[in-house]
Amino acid sequence: MNQTIAVRIGRSALVAALAGGVVLAGVAPAANAASTAQKRMLGPFGYGSIKIGMTEAQAKATGLIVRKTINVPTKCSTYDLKERRYSGNRAGLFISKKQGVVTISAPGRNVRTPQGIGIGSTPAQLKAAYPNLKQNALYGTHATVPGNPKASYVFLVSKNMVLGVTLMLTAQDCFR
């Protein structure tokens with residue numbers, strides 16, 4: 001089942017894609033297990049070869065993203081990962097001219113943080129993995145990324161489960 005997730009950024013209701021996805025079937029061959037495991041991990045510095053801080057040119061050179069035009073107030077360029085394209089005013093990556101890639105949204109259900117949190121995790125699992133979770137009006141539920149104090153994980157959480165995860169450069173210029 002696909003889920004479309006949005007996060008409210010301040011009072012302006014700026015919409016950014018978080019994560020939705022489809023459960024992927026199959027198992028990677030043993031020879032590819034390490035690269036598959038790395039690719040399906042969000043953080044602490046990125047997702048596969050897409051890294052926080054990477055310039056727009058560097059991110060495009062990976063061949064993993066596609067330009068996305070959305071109608072929301074942001075100074076940043078917006079993209080989707082080729083493996084997960086969003087409809088409407090949602091995007092999987094925001095790229096700042098000054099700071100490079102500032103957000104990467106987990107593109108599916110099988111993508112996890114190193115602490116094992118992803119779409120479908122329970123609030124109890126989230127709290128156990130990130131005991132210092134914070135709440136604020138700008139980001140909602142978020143935590144500093146272990147191993148990268150300059151980044152945060154932003155979680156979209158319902159009463160029963162995590163619906164989306166985004167890796168975000170904490171001090172960025174796309175959302176204010």
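Visitor: In what order do the eight strands of the open sheet lie?
Guide: Strands here are DSSP runs of E with at least two residues, numbered from the N terminus. Two of them pair if DSSP finds at least two bridges between them. The pairing in this open sheet is antiparallel, and the order is S5-S6-S7-S8-S12-S11-S10-S9.

Visitor: Which are the edge strands?
Guide: An edge strand of this sheet pairs on one side only. That applies to strand S5 (65–67) and strand S9 (134–136).

Visitor: By what angle are neighbouring strands of this sheet turned against each other on average?
Guide: Axes are lines fitted to C-alpha atoms, and angles run from 0 to 180 degrees between N-to-C directions. For the sheet average, direction is ignored. Neighbouring strands are turned by 30°.

Visitor: What kind of model is this, and how are residues numbered?
Guide: This is a predicted model, in which local features need pLDDT of at least 70 and side-chain atom pairs count only at pLDDT 80 or more, while totals for chains, interfaces and linings use all residues. Side-chain values use heavy atoms, with hydrogens and water left out, and residues are numbered from 1 along each chain as its sequence is written.

Visitor: Which residue in S7 stands opposite Tyr-79?
Guide: Strand S6 covers residues 77–81 and strand S7 covers residues 93–96. The two run antiparallel and are joined by three bridges. Opposite Tyr-79 stands Leu-93.

Visitor: Which residue in S10 is the bridge partner of Asn-136?
Guide: S9 and S10 pair in the antiparallel sense over three bridges. A hairpin joins them through three residues. The bridge partner of Asn-136 is Gly-140.

Visitor: Which residue takes a positive phi in the hairpin of S10 and S11?
Guide: Strand S10 (residues 140–145) pairs with strand S11 (residues 148–157) over five bridges, in the antiparallel sense. Along this pairing, His-142 stands opposite Val-154, and Thr-141 has Phe-155 as its bridge partner. Two residues lie between the strands of the hairpin, and the residue with a positive phi near 90° is Gly-147.

Visitor: How many bridges pair S11 with S12?
Guide: These strands form a hairpin with four residues between them. Tyr-153 stands opposite Leu-167 in S12. Strand S12 spans residues 162–169, and its antiparallel pairing with S11 has seven bridges.
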